[in-house]
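Hi,

Here is the structure I promised to pass on. Have a look at it first, and then read my notes below.

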Amino acid sequence: MPRQHLSKHSESNTSGDVLPLPNSYLEPEDIARIFQVPLETVYQWRRKRTGPPGFRVGRHVRYHPDAVAQWVADQSREAA
């Protein structure tokens, strides 16, 4: 089974447009960058279970891009 490449991702360009989520698992730093929030906010979301669902790989937290996209869609519906 091939390993997932865990790299840092740039999620916005110079015009401020949001780019599609990458196909690899996201790290908390990626989530903070995507939503332009402090890293501590991402950890607070996880503790309070209010942010995108994540999972542990050993002692590391990872996020599946599809789960993050679904969380965004759910947030958009709740705000409407």
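Below is what turned up, element by element.

First, the ground rules: this is a predicted model, where local features need pLDDT of at least 70 and side-chain atom pairs count only at pLDDT 80 or more, while totals for chains, interfaces and linings use all residues. Residues are numbered from 1 along each chain as its sequence is written, and side-chain values use heavy atoms, with hydrogens and water left out.

The largest nonpolar core has eight residues: Leu26, Ile31, Ala32, Ile34, Val42, Val61, Tyr63 and Val68. (A nonpolar core here is a set of buried Ala, Val, Leu, Ile, Met, Phe, Trp, Tyr and Cys residues joined through side-chain atoms within 4.5 Å; buried means under 20% relative accessible area, exposed over 50%, and partly exposed in between, with a 1.4 Å probe and protein chains only.) Helix 1 (residues 28-35) gives the largest share of this core, three residues. (Helices are DSSP runs of H or I with at least four residues, strands are runs of E with at least two, and both are numbered from the N terminus.)

The buried residues in helix 1 are Pro28, Asp30, Ile31, Ala32 and Ile34. What do the buried residues of helix 1 pack against? They pack against helix 2, strand 2 (60-62) and helix 3, with contact meaning heavy atoms within 4.5 Å. If you zoom in on Ala32, you will find Val37, Pro38, Leu39 and Val42 touching it, leaving aside residues up to four places away in sequence.

**Two positive phi values**

Helix 1 is followed by Gln36, which has a positive phi of about 55 degrees although it is not a glycine. Gln36 sits in the loop between helix 1 and helix 2 (39-48), and at 68% relative accessibility it counts as exposed. Arg49 also has a positive phi, near 60 degrees, in a residue other than glycine. Its place is in the loop between helix 2 and strand 1 (55-57). Arg49 is exposed too, at 77% relative accessibility.

**Helix 3**

**Salt bridges**

How many salt bridges does a search of the whole structure find? There are three, counting a side-chain nitrogen of Lys or Arg within 4 Å of a carboxyl oxygen of Asp or Glu.

- Asp30 and Arg33 meet at 2.7 Å, N to O. They are three residues apart in helix 1, so about one helical turn separates them. Asp30 is buried at 0% relative accessibility, whereas Arg33 is partly exposed at 36%.
- Glu40 and Arg47 have their closest N and O atoms 2.9 Å apart. Glu40 is partly exposed at 42%, and Arg47 is exposed at 56%.
- Arg77 and Asp74 meet at 2.9 Å, N to O. Both lie in helix 3, three residues apart, about one turn of the helix. Arg77 is exposed at 55%, and Asp74 is partly exposed at 27%.

**Aromatic rings**

A search of the whole structure finds four aromatic pairs. (Rings of Phe, Tyr and Trp, the last by its six-membered ring, pair if their centres lie within 6.5 Å; planes under 30 degrees apart count as stacked, over 60 as edge-to-face and the rest as tilted.) In one of them, Phe35 and Trp45 have ring centres 6.2 Å apart and planes at 70 degrees, so the pair is edge-to-face. Phe35 lies in helix 1 and Trp45 in helix 2, so this pair ties together parts 10 residues apart in sequence.

Phe35 also forms an edge-to-face pair with Trp71, at 5.6 Å centre to centre and 80 degrees between the planes. That pair links distant parts of the chain, with Phe35 in helix 1 and Trp71 in helix 3, 36 residues apart. Phe35 is partly exposed at 25% relative accessibility, while Trp71 is buried with a relative accessible area of 14%.

Cheers
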